[in-house]
Amino acid sequence: MKMKNSIIILAYLTTLTYGENLLPGDFTRCRQKDVKLNDCLKAAVPDALRRMTKGIPALSVPPLEPLLVSGMNIESGAGPVVITQVYRNIQLHGLTDSILTSYKADLKHYRLRTDSLTPKMDFIADYVMKGRILVLPIQGKGIANITMVNLVVKHDLIGEPVTRNGETFMHIKDYKVKFVPERVILHFSNLFNGDKALGDNMNKFLNQNSDLVFNELKESYEKSLSSVFQDVTNKIFDKVPMNKIFPED
């Protein structure tokens with residue numbers, strides 16, 4: 001009797017463990033064999049992002065509005081912009097307002113490619129910065145606010161199959177992004193140790209040359225944020241079997 005009860009309890013706990021590792025019931029499922037799979041994903045992914053505004057606690061997915069990032073280091077060591085930036089306590093606002101303009105899923109080869117459009121993404125963080133832009137020195141420590149307007153992001157997710165307990169998971173081993181904003185607005189508080197005149201003039205100069213500044217730094221931003229997106233994606237893909245995300249029939 002004790003052994004029978006132990007087996008029942010073990011089965012119950014196992015069911016709870018695997019039951020938690022499921023997509024929420026209100027998420028749209030796109031079937032692998034659907035001839036309109038890409039169209040389905042194009043609509044389903046933005047809907048899922050909005051439903052993840054407060055995260056998915058059962059899968060350890062953090063809230064996406066805002067998405068909090070502990071920190072990142074940005075460096076540009078050549079060209080007209082030579083800056084070292086350290087960001088901490090980062091907040092990313094606007095991701096859940098994204099729409100997808102294209103989607104191409106190659107599930108046989110574990111690859112997902114998509115273009116998204118985010119009307120406005122705000123990057124707000126504590127910063128420390130030192131360097132030069134063109135011939136002008138720049139340094140400061142305060143709050144950074146970087147706004148990207150009509151931001152097109154090209155996503156390329158490269159996955160691999162991982163088998164556990166008879167289930168196949170699609171682990172994302174590489175996540176590449178390219179940022180193409182229509183406009184970038186930059187503001188850094190407390191530049192030059194709080195000298196208002198120098199700080200105001202530098203912020204004005206930064207925005208007059210925002211295309212140059214952003215293009216010189218964007219590869220570092222892309223590399224840092226792609227790892228953030230990869231981590232969030234794998235919190236789902238590493239826990240939910242592939243056939244539960246993309247049903248086979």
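Me: Is glutamate 222 buried or exposed?

Reply: The model is predicted: local features need pLDDT of at least 70, side-chain atom pairs count only at pLDDT 80 or more, and totals for chains, interfaces and linings use all residues. Numbering runs from 1 along each chain as its sequence is written, and side-chain values use heavy atoms, without hydrogens or water. Buried means under 20% relative accessible area, exposed over 50%, and partly exposed in between (1.4 Å probe, protein chains only). At a relative accessible area of 4%, glutamate 222 is buried.

Me: Which residue forms a salt bridge with glutamate 222?

Reply: A salt bridge needs a side-chain nitrogen of Lys or Arg within 4 Å of a carboxyl oxygen of Asp or Glu. Here the closest N and O atoms are 3.9 Å apart. The partner of glutamate 222 is lysine 178.

Me: How many residues apart in sequence are the parts tied together by lysine 178 and glutamate 222?

Reply: Helices (H or I, at least four residues) and strands (E, at least two) are DSSP runs, numbered from the N terminus. Lysine 178 counts as partly exposed, at 48% relative accessibility. Lysine 178 is in strand β6 and glutamate 222 in helix α4, so the pair ties together parts whose separation in sequence is 44 residues.

Me: What pattern does the chain follow along the sequence?

Reply: The secondary structure comes to 5 helices and 6 strands. The C-alpha trace spans about 80 × 45 × 30 Å along its principal axes. Read along the sequence, the pattern is α-α-β-β-β-β-β-β-α-α-α.

Me: Which residues are linked with Asp26 in a network of salt bridges?

Reply: The whole structure holds 9 salt bridges. In one of them, the side chains of aspartate 47 and arginine 51 meet at 2.8 Å, N to O. These two are 4 residues apart in helix α2, which means a separation of about one helical turn. The network links Asp26 with Asp47 and Arg51.

Me: Is the ring pair of tyrosine 175 and phenylalanine 229 stacked or tilted?

Reply: Rings of Phe, Tyr and Trp (its six-membered ring) pair if their centres lie within 6.5 Å; planes under 30 degrees apart count as stacked, over 60 as edge-to-face, and the rest as tilted. The count comes to 7 aromatic pairs. For tyrosine 175 and phenylalanine 229, the centres are 6.1 Å apart and the planes are at 55°, so the pair is tilted.

Me: How many residues apart are tyrosine 175 and phenylalanine 229?

Reply: Tyrosine 175 is in strand β6 (residues 167–188) and phenylalanine 229 in helix α4 (residues 210–237). Both are buried. The pair links distant parts of the chain, 54 residues apart.

Me: Which residues join Phe214 and Tyr221 in one aromatic cluster?

Reply: Phenylalanine 214 and tyrosine 221 form a stacked pair, 6.1 Å centre to centre with 15° between the planes. Both are buried. The cluster also takes in Tyr87 and Phe123.

Me: Over which ring does the charged end of arginine 164 sit?

Reply: A charge sits over a ring if NZ of Lys or CZ of Arg is within 6 Å of the ring centre and within 35 degrees of the ring normal. Arginine 164 is 3.9 Å from the centre of its ring. That ring belongs to phenylalanine 169.

Me: Which residue in the hairpin of β3 and β4 takes a positive phi?

Reply: Strands pair if DSSP finds at least two bridges between them. β3 (residues 99–106) and β4 pair in the antiparallel sense over 7 bridges, with leucine 100 partnered to serine 116. The hairpin has 4 residues between its strands. With phi near 55°, the residue is tyrosine 110.

Me: Which proline is joined to glutamate 65 by a cis peptide bond?

Reply: Omega of this bond is about -10°. The proline is found in the loop between α2 (37–51) and β1 (67–76). It is proline 66.

Me: What is the relative accessible area of asparagine 193?

Reply: Asparagine 193 has a positive phi of about 60° although it is not a glycine. Its place is in the loop between β6 and α3 (196–208). Asparagine 193 is exposed, with a relative accessible area of 68%.
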